[in-house]
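Dear colleague,

I am handing over the structure we spoke about, and I would be glad if you could look through it before reading my notes. The notes themselves come after it.

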Amino acid sequence: MNRLAKASAVVIAVAAVPYFVFLALYGLIRPSGSPARKRDDKPSVSIVLPTYNEADIIEKKLDDLLELDYPMEAIELVVVDSSDDETPYLIRDYLADHEHPSLNLIEEEERRGLAPALNDAYAAAANEMVVKTDCDSFVANDALHVAATNLADPDVAAVTGQNAEVLGGSEVEEGYRGIQAHIQTLESHLDSTLIFHGPFSAFENDAIVPLDPNSLADDTELALKIRRNGKRVVFDPNIRYSEASHSDFTKRRLQKDRRGMGLIRLLVQHRDALGRYGKYGGLVLPFNWWFMIVSPWLVALSIGLLTGAALVAAGPFGLVVPAGLGLFVRLGGSDRLGSLQPLYAIFDAQVSLFRASLELLRGDGDGTWEIDEELREAFE
Ligand code: GDP
Ligand code: MN
C-alpha cells in the first residue's frame with residue numbers, strides 16, 4: 001500500500017468513528033416515537049405562514065390548512081406576506097367566506113427576508129401554541145393535535161415532525177429523511193433535537209424569542225434558543241407532513257446548499273453551547289458539528305487522497321476512482337441505486353455541507369433567495 005492509500009484509510013476511519021458511536025447509542029437506547037410525556041390538550045393555536053409570491057399554490061395550501069382536524073374557532077392564521085404578485089388578494093378572498101380561522105394578514109412594504117418577516121408574525125401571534133408552516137408543504141390532519149400533546153409535557157416547549165411523503169417522488173430525499181428521522185428520534189430521547197423543519201414546527205408562544213434577521217435556518221434557530229433557555233425541543237415522527245424535493249444532483253444544490261449554510265452558521269454562532277445543557281451540548285451538538293462541519297472536509301479529503309493513491313498505484317487507470325464516483329452520483333441522482341440510495345443521500349448531504357462551508361468562508365449568504373418554481377409544480 002502506498003502512503004496516500006494509508007493516509008486515506010486513516011482519514012476514512014477517523015471520519016467513521018462518531019457514526020459508529022451514534023449507531024451504538026441507537027442500539028442501546030432503541031428510541032421510538034417522541035420522548036414527551038404526552039397529555040391530551042387543546043390549546044388555542046396561531047398558524048404562522050410566511051409567503052413570497054406563492055399565487056400558484058396558496059389556495060391549495062389554505063385548502064389543506066382548513067382540513068386540519070382541530071376546532072377552527074381555536075385557530076388564528078397569521079400570514080406575513082412580502083409578495084409582489086396577487087398572493088395577498090387570493091388569501092383575503094379565500095378567507096372572506098370563512099368565519100374561522102380568523103385572519104391576521106401582515107403585508108410587508110418590501111421583501112426584507114424570511115427571518116425579519118417571521119419575527120413580525122411571531123410578535124403578532126396571540127395564541128398559546130404557535131405553528132409555523134411553509135407554503136409549499138401539506139400537513140397531516142392530526143398534526144396540530146399531536147403537536148399539542150407533546151407541548152403538554154411541562155418540560156417540552158417545541159416540537160417538529162417528519163417528512164412522511166416526498167412530493168415529486170425524490171428517493172434521494174426520501175432516503176435521507178428516513179435516516180434523519182432515526183437520528184432525530186435518538187437525539188430527542190437523549191435530550192433534544194437540533195434541526196427543526198420548515199413545513200411544520202410548533203412552539204409554545206411564551207417560549208418564542210426573536211430570530212437573527214440574517215438567519216437562513218429560522219426554525220432550527222428558534223428551537224436551539226428555546227433549548228438554551230431551558231426547555232426541551234423534540235422530534236415526533238407521528239407529526240407528518242409532505243414537501244417537494246428534487247433528486248437531480250445539480251437541482252438539489254441550490255436549496256440544500258442554502259439550508260446547509262444556515263445550519264453551519266447557526267452552529268458556529270452558538271459554539272459556546274458545546275458541552276453545556278446536559279446531553280444536548282454534550283452529545284447532540286457535537287454530533288451535528290461532526291456531521292455538518294468536520295465530516296464534509298474529511299469526505300473531500302478522502303476522495304482526494306484515494307484518487308491520488310490510485311493514480312500513484314495504477315497510473316492513468318487510477319482515474320477509475322473519480323469516474324466511479326461520477327457514476328455513483330449519476331445513478332444516485334436518478335434514483336437508480338436501489339438499496340445504496342440512502343448512502344448516496346448521505347453523500348449528497350455532505351457535498352452540500354462542504355459547498356456551504358466554502359460559500360460561508362467566502363462570506364456569501366444573505367436572507368433572501370429565489371423561490372423554486374419547479375418544486376411548486378409538484379403541488380398543482
Ligand atoms: P425552502 O423550502 O428552504 O427552499 O424555502 P422556500 O423557498 O420554500 O420558502 C419557505 C417559505 O417562506 C415559503 O412559504 C415562502 O413563500 C416563504 N418566504 C421565502 N422568502 C420569504 C420572504 O422574503 N418573506 C416572506 N414573508 N416569506 C418568504
Ligand atoms: Mn420550500
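This is a predicted model: local features need pLDDT of at least 70, side-chain atom pairs count only at pLDDT 80 or more; totals for chains, interfaces and linings use all residues.

Residues are numbered from 1 along each chain as its sequence is written, chains are lettered from A and ligands numbered from 1 in the order in which they are written, and side-chain values use heavy atoms, with hydrogens and water left out.

To begin with the fold, the chain has 12 helices and eight strands, these being DSSP runs (H or I of at least four residues for helices, E of at least two for strands) numbered from the N terminus. Its radius of gyration is 22 Å, close to the 21 Å that the globule rule gives for 380 residues, so the chain is as compact as a globular protein of that length; the radius is taken over C-alpha atoms, and the rule is 2.2 Å times the number of residues to the power 0.38. Buried residues make up 56% of the 380 residues, where buried means under 20% relative accessible area with a 1.4 Å probe and protein chains only.

Turning to ligand 1, 20 residues surround it, the closest being Glu-54, Ser-82, Arg-111, Arg-259 and Trp-369, with a residue counted when one of its heavy atoms lies within 4 Å. The shell divides into eight nonpolar, four polar and eight charged residues, and α8 (249–269) gives the most to it, with three residues. An N or O atom in the side chain of Glu-54 is 2.6 Å from an oxygen atom of ligand 1, while a polar side-chain atom of Arg-258 lies 2.9 Å from an oxygen atom of the ligand. The protein covers 96% of the 570 Å² of accessible area that ligand 1 has on its own, by the Shrake-Rupley method with a 1.4 Å probe.

Thr-51, in strand β1, places a backbone N or O atom 3.4 Å from a nitrogen atom of ligand 1, and at 3% relative accessibility Thr-51 counts as buried.

Asp-136 lies in the loop between β4 (129–132) and β5 (137–139).

With best regards

Methods:
A polar contact is a pair of N or O atoms within 3.5 Å; within protein, one must be able to donate a hydrogen and the other to accept it, and residues adjacent in sequence count only if both atoms are side-chain atoms. Ala, Val, Leu, Ile, Met, Phe, Trp, Tyr, Cys and Pro count as nonpolar, Asp, Glu, Lys and Arg as charged, and the others, Gly among them, as polar. Buried means under 20% relative accessible area, exposed over 50%, partly exposed in between (1.4 Å probe, protein chains only).
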